[in-house]
Amino acid sequence: MDFILLSILKTAIAAPVLLGTLAYLVWIERKVLAHVQLRMGPSRVGPHGLLQPIADAIKLLTKEDFIPSYVNHVYYWLAPWLALMFAVTAISVIPIGPIVEIFGVKTNMGQADISIGLLLILGLTGMGVYGIALAGWSSNNKYSLLGGLRSSAQMISYELPMALAIASPLLIVNTLNLREIVNGQAGYVFGIIPNWNAVGGLQMFSFLIYLICAFAETNRIPFDLPEAENELVSGYNTEYSSMKFAAFFMAEYANIITACSVATTLFLGGWHPIIPNELGGQFIPTLICFFFAGVLFYHALNPARPSDRLSMGVIGAIILGLGLMFQVPVVKDLAQPLFWFASKAGFLIFVFIWVRGTVPRFRYDQLMRFAWLVLFPAALLNLLLTAFVVAAKSN
Amino acid sequence: MTLEAFFFYAFTTLALGGATLAITRRSAVHAAISLMVSLLGVAGLYLLLNAEFLFVSQIILYIGGILLLFLFVIMLVNLDAGRGLRQFHQRWPLGAAVTAIAGVAFAILWSRAKLPPSQTMPDVGNVELVADTLLQDYLVPFEVVSLLLLVAVVGSVLLARKRA
Amino acid sequence: MNPAAFYPTATDYLRFLPELILTIGGVLLLVLEALTGDNKDKSSLGYLAIAVVLGAMFAVPVALANPGTSFNGMIVSDGFAAFFRMVTLLVGLFTLLCSTSYLSREKANTGEFYLLVLFSLAGQGIMAASNELIMVFLGLEIASISSYVLAGFLRDDKRGSEAALKYFLLGSFATAFLLYGISWIYGVTGATNLVAIRESLAAGTSGNSMAVAAAALMLIGLAFKVSAAPFQAWAPDVYQGAPAPVSGFLSAGPKAAAFAIFLRIFQTSFESFSSRYEPVLWILALATMLVGNFSALWQSNVKRMLAYSSIAHAGYVLVAVTTNSNVGTAAAMFYLAAYALMNFGAFAAVTHLAGRGESHVTIDDLKGLASKQPVVAGLLTVCLLSLTGVPLTAGFFGKFYIFKAAIDNHLYWLSALGLLNSAIAAYYYLRILAAMYMHEPKTTDHPEPVPGGIQLTMWFSAAGILTLGVFPGLVLDYANRFATFVK
């Protein structure tokens, strides 16, 4: 099939899924946070507040787009869309599965398969800061400016340990192509321990460093100083409202998805299952689905609210069907990698939210000192050790 | 016009236009952003030459690193305060004249020059090629650069640190 | 490609030994500086730096004993490189000897000064030995950046900071020209190796206009670095504002290294169109001599006067370069070695006489020096006489060989004008001598004792000047032998 047509087709599938995920991430985050804090979270709009993202979208679309008179118009307009554009584009190079053959067409599961995919992601996320920095500057407001300043300083500082942390697994897999990076992590040590970089590859320290830096790069708690609300009102996006504000919001979540997907690809073996397929790895998705379906059916039989009898039952049935789908021969090749990738990335996203619920914010000087005096030397040391080990092995 | 020619002219326009704006804009932030556009154009030209590694390095290092640092410093010290100031000496006619003469001279030289045929990078294995060149043929310059950076770091820290 | 295709051999390292010693020593000093407390006496670090430089000096013959290129043709260890390595190291040694007491006097005795000197020397060594435009650029930048910082080392001194800033801005500007020229050359020839460029230019039929333009751009960059007119404007302000030992260092060391790459690039790579740049060099040499000497006439500040005199001396060396011959190259090499001795001797004296905060640097301050400090006055006299070019000094033979080479190569007008210039130059050197010997001291306060390092430097340079003034062959033989390497 024509390359361009295929790309358009893939984008047509991926884009709505991505945007939907972005919207529902907000719901998930609010729910998880609420449960961390022993609250209910959104529960008014739809069952369990499931329609909340749609309501939010309508609210943001119809809200007055207020532009203060003192802003620098060009950059004020440009900034949120720059941030969103780079955040969303970066996702396109991430492979979520191996090369598959559907209806006779061979294609990789991912938008683009390029030889320097990993570096491109770094470049694109690096450019995304311009959105935040420019938003802070063009708002002409001291809080916004401070937010923009902080984000650029933070980004530059944390990019260094991040790059070093990424470099060590690269020494092992010896490629910059994300699909080949995942392929390099196939197999199992002693036939059982997955050969992922963070596990069998012994790169858990760089995984940890990467994850910490990813928090800083995505401006998440405990490193959310660019928008620290009790110091800077709302930081760089103080003067933004309506869809421009939403764009920043979406960019942040898109960045989280990118960061978690990269971590999955680079450290957690991408779409490879946690146990070898020969030892039953291929049944794990089904079993997990069955387990959740069972839990839901239990709640349907013992409803806490009258509506649960129906909603829990329906959702349980859907998940049961999903679980069966993982064993259907043709769909299996597509669904299984997708499951593993999504569950790993999803777990990491959960960690992001979990941390937000439990860790307080750093002070600005602590943030900088931590990057330069702790993370940077640690990452450097890790890289050095990895290099020695790789060199010793290759000889 | 082929697609490649179109992209070539587009990237060249970005590079030259951005560079021109970078030196003519009065506001430091505008100048920095224009410089970013210019660097993007150059990165695009690298891509057209199949030098994808250079393309990404240009973006990560220059746009995502150095220029962001520029922007940080500009915002930090509020250089836009100097926006209203006028330059007190008006030597731009002289500068323009010199530039024009140099431009004409270069054009004449260019028209007479015998240049070697242009080379394009092999399509694949770009990163490996860069690595091999850098760590084998140019190993010593690569190491000496670190000495240069060390000197620069020591020097700037020395001049900028607080008095004991 | 096989990852093991390139492993440096032991010989590769031996050919690069002086720079390796300097770099390792510098890094060692950096660590030691951090380990010693803030309020400790840092003079010991200075002595360590001196030991490092001496080690590097011993390494120069080792490198020379293993001639050839190393690390894939990046570095060439030949006699020419060894000669300039030795000259720059000598200047560095003098600088370190003079600066320990100077820094203590100015209460700025920190280890960074010494390690910057070492790094700058490493950069100059790389320049002298580079066989590759990339190495030329890197060496030049290392040497220059260290120099910028050294010039502004006394941060509380306004003139020093101004000097550093000017030096930095103009120096970077000059480097940009050089780099632009290098990129053009690479575009035209596809090579950065000096020999490969020569071969590529020779293979193409004569007169590749782009290569000529590239050579012109590089000429501008290098002319800045050797402070040739009309690119000399930075030199007086920098030499006046920088700390006195640093001024001596800058006027002799980096300049010699810059001349080394000047000679190497223009005589090795751009040989094929030497006839085109010869007239340019002719004008450059004459302008440099004239500007330097005439400006020096009106100066009352000794440091500034020596700065202009150093411009003038660069002009003399350019005369030798213009000849584009082995004899000329040898004359330039001899002159740069002699100049390092006599100029640094003079700056060493200024370092001592300037006093705390460099408050006594005018010619008036030197009045009656002969009766107050006869030894210092005597040694300074030797240096000044040599700078003038009086017989029995190194400076005389330096000028003699240069103008002889110029006449041999039929540059009659240039030699005549050059000789006229040295006559003019005599006036301002004699002004200092007159002030020292024919005036009463202004004040009667007791002179401070001369610190050992400065004393050693002055004695050594005076002895060197007189020895070379009687037996010039000691250095000239080497220069004659080694000059052939660049052709």
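Student: Which residues in α13(C) meet those in α12(C)?
Tutor: This is a predicted model: local features need pLDDT of at least 70, side-chain atom pairs count only at pLDDT 80 or more, and totals for chains, interfaces and linings use all residues. Residues are numbered from 1 along each chain as its sequence is written, while chains are lettered from A and ligands numbered from 1 in the order in which they are written. Two residues are in contact if their C-beta atoms, placed from the backbone, lie within 7 Å. Glu278(C), Leu281(C), Trp282(C), Leu284(C), Ala285(C), Thr288(C), Met289(C), Val291(C), Gly292(C), Asn293(C), Ser295(C) and Ala296(C) in α12(C) meet, in α13(C), Met305(C), Tyr308(C), Ser309(C), Ile311(C), Ala312(C), Ala314(C), Gly315(C), Tyr316(C), Leu318(C), Val319(C), Val321(C) and Thr322(C).

Student: How many nonpolar residues does the contact of α12(C) with α13(C) have?
Tutor: Ala, Val, Leu, Ile, Met, Phe, Trp, Tyr, Cys and Pro count as nonpolar, Asp, Glu, Lys and Arg as charged, and the others, Gly among them, as polar. In this contact, 7 residues are polar and 1 is charged, and the nonpolar count is 16.

Student: Are α12(C) and α13(C) roughly parallel or roughly antiparallel?
Tutor: Helices (H or I, at least four residues) and strands (E, at least two) are DSSP runs, numbered from the N terminus. α12 covers residues 274–297 of chain C, α13 covers residues 302–322 of chain C, and they pack with axes 7 Å apart at about 155° (axes are lines fitted to C-alpha atoms, for helices over the stretch in contact; angles run from 0 to 180 degrees between N-to-C directions). Angles under 35 degrees count as roughly parallel, over 145 as roughly antiparallel, 65 to 115 as roughly perpendicular and the rest as oblique. The pair is therefore roughly antiparallel.

Student: In what kind of crossing does α12(C) pass α13(C)?
Tutor: A crossing is left-handed if the near helix is turned anticlockwise from the far one by less than a right angle, and right-handed if clockwise. For α12(C) and α13(C), the crossing is left-handed.

Student: At roughly what angle do the axes of α5(C) and α6(C) cross?
Tutor: α5(C) is roughly antiparallel to α6(C). α5(C) passes α6(C) in a left-handed crossing. The axes come within 7 Å, and they cross at roughly 155°.

Student: How many polar residues does the contact of α5(C) with α6(C) have?
Tutor: Residues that meet here include Leu116(C) and Phe119(C) in α5(C), with Met135(C) and Leu138(C) among those in α6(C). By class, the contact has 14 nonpolar residues and no charged ones, and its polar count is 6.

Student: Which pair of chains that touch has the most contacts?
Tutor: Chain A and chain C do not touch, and their nearest C-alpha atoms are 10 Å apart. That leaves the pairs that do touch. There are 2 of them, and the most contacts are between chains B and C.

Student: Which helix gives the most to the side of chain C that touches chain B?
Tutor: Here 33 residues of chain C are in contact with 25 residues of chain B. On the chain C side, α2 (17–35), α5 (111–129), α6 (133–151) and α9 (209–225) each supply at least two residues. By class, that side has 21 nonpolar, 8 polar and 4 charged residues. With 9 residues, the most comes from α6(C).

Student: Which helix of chain B gives the largest share of the side that touches chain A?
Tutor: The contact takes 17 residues from chain B and 19 from chain A. On the chain B side, α3 (52–77) and α5 (126–137) give two or more residues. That side divides into 13 nonpolar, 3 polar and 1 charged. The largest share, 14 residues, comes from α3(B).

Student: What percentage of the residues in chain B are buried?
Tutor: Chain B has 6 helices and 0 strands. A residue is buried if 20 or more other C-beta atoms lie within 10 Å of its own, exposed if 12 or fewer, and partly exposed in between; C-beta atoms are placed from the backbone. Of the 164 residues in chain B, the buried share is 21%.

Student: Is Trp27(A) buried or exposed?
Tutor: Trp27(A) is found in helix α1 (residues 3–36) of chain A. Beyond its neighbours within four places in sequence, its contacts are Pro42(A), Gly49(A), Leu50(A), Gln52(A) and Pro53(A). Because it has 21 C-beta neighbours inside 10 Å, Trp27(A) counts as buried.
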